Amino acid sequence: MSDAERSLFDDLDDVLRNGSPDKRVDMLRRVTDLFLSDADRLNDQQIGVFDEVLVHLINKIETKTLAEISARLAPVENAPLDVTLRLARHEAIAVAGPVLTNSTRLATHDLVEIAQTRGQDHLLAISGRPRIETDVTDVLLDRGNRAVVHKVAANAGAKLSETGFAALLKASENDEKLAEKTGLRLDIPVRLLRELLMRATEAVRLRLLSRSPPELQDEVRLALQIAAEQVDRESSVPRDFRAAKSFVELLKKNNELDETTLLGFAEARKYEEAVAAISLLCSAPIEIIKPLMQSPRDDGLLIPCKVAGLDWSTVSAILDVKLPLNAKPKPDRERLKADFAKLTKSNAERLLRFWQVRHVSAKSA
């Protein structure tokens, strides 16, 4: 032991017993300096001695100094364990953050416990670790806010369980940036990639195709092809409207057909019944409504819906019926909502009458 080390330990007991705050801070820094200078040569027993001393010294130390000590100990592979845990659990993120993000001394169960009990800043710090196990990411995705979820999704070192990927897919439904980050993960299961692409907007699909790494390009192209084929299959399914039409006509005869009934059909994805109900509520032949429902464009369907006096919530549910199950609404939904609000019932009635006249003319030609 050097003369400086002997002097340090001679002073330590006095500081722990009677030292002022300034002396404790000075001693904390000196002990930390000594540990860091010899860290690669210390055995477990010696590290344990430093650990016990540092744990005593950090009591009643100001946050600024603790943050400094945390930043210095965080990257050290054999940092004293107990003091590392105390710093990681500290309520101030300036203290906890460096250790939560960088320390390899924290075990998975330590990170799970902190993620379950601390706030969003602590979760965000954990989300930036170079390597995160699934037990931890499950908690982060369950408790984390948008920033945490995005950071986990973008972290290639964060392992995700099936539960974790399911949480990302759910959160991606209304978040294009998150959908893109999730789709770019090399570890995303093929089945879930296809499901994500089914729900994604066209813009997200194109960005994924252009930004995905070479090893994922073929899989993204295949998933896009399968998604497109599924949409085509669903839109071209032969449909028999006879039973639905008879049922809806009976509802009307019994004064049981109204907007609420139509909304129920739409929410239950009863395609034929919804088409038949729109037809009767706007007094237009079902042959006019069917092509509007099958069209890739949605604007035309606004006309009979306005004539029927429907609220936008019902119209939106009907538009969802046009899409494959679990598919995300098209990005122009808000524009359609504005167009529907501006459309007057009288103008919609005039246009629908024109379509009816043209339909009758075409039949008689």
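1. Basis. The model is predicted; local features need pLDDT of at least 70, side-chain atom pairs count only at pLDDT 80 or more, and totals for chains, interfaces and linings use all residues. Residues are numbered from 1 along each chain as its sequence is written, and side-chain values use heavy atoms, with hydrogens and water left out.

2. Overall make-up. The chain has 23 helices and zero strands, where helices (H or I, at least four residues) and strands (E, at least two) are DSSP runs numbered from the N terminus. Of the 365 residues in the chain, 44% are buried; buried means under 20% relative accessible area, exposed over 50%, and partly exposed in between (1.4 Å probe, protein chains only).

3. Contacts and surface. Among contacts in the chain with a separation of 6 or more, 66% join residues 24 or more positions apart, a contact being heavy atoms within 4.5 Å. The accessible surface is about 19,300 Å², and carbon and sulfur atoms account for 51% of it; the areas come from the Shrake-Rupley method with a 1.4 Å probe, and for residues only the protein chains shown count as cover.

4. Helices α10 and α12. Helix α10 (residues 146–154) packs with helix α12 (residues 176–183) at an angle of about 25°, the axes being 8 Å apart. Axes are lines fitted to C-alpha atoms, for helices over the stretch in contact, and angles run from 0 to 180 degrees between N-to-C directions. The angle makes α10 roughly parallel to α12, a term for angles under 35 degrees. From α10, V149, H150, A153 and A154 make the contact, and from α12, K177, L178, K181 and T182. These residues divide into four nonpolar, two polar and two charged; Ala, Val, Leu, Ile, Met, Phe, Trp, Tyr, Cys and Pro count as nonpolar, Asp, Glu, Lys and Arg as charged, and the others, Gly among them, as polar.

5. Helix α6. In helix α6 (residues 93–102), the buried residues are V95, A96, G97, P98, V99 and L100. Their packing partners are α4 (63–73), α5 (81–88), α7 (108–117) and α8 (120–127).

6. Positive phi values. Most residues other than glycine have a negative phi. N255, however, has a positive phi near 60° and is placed in the loop between α16 (242–253) and α17 (259–267). Because its relative accessibility is 71%, N255 counts as exposed. R269, also not a glycine, has a positive phi of about 55° and lies in the loop between α17 and α18 (271–282). R269 counts as partly exposed, at 30% relative accessibility.

How values were computed: Parallel < 35°, antiparallel > 145°, perpendicular 65-115°, else oblique.
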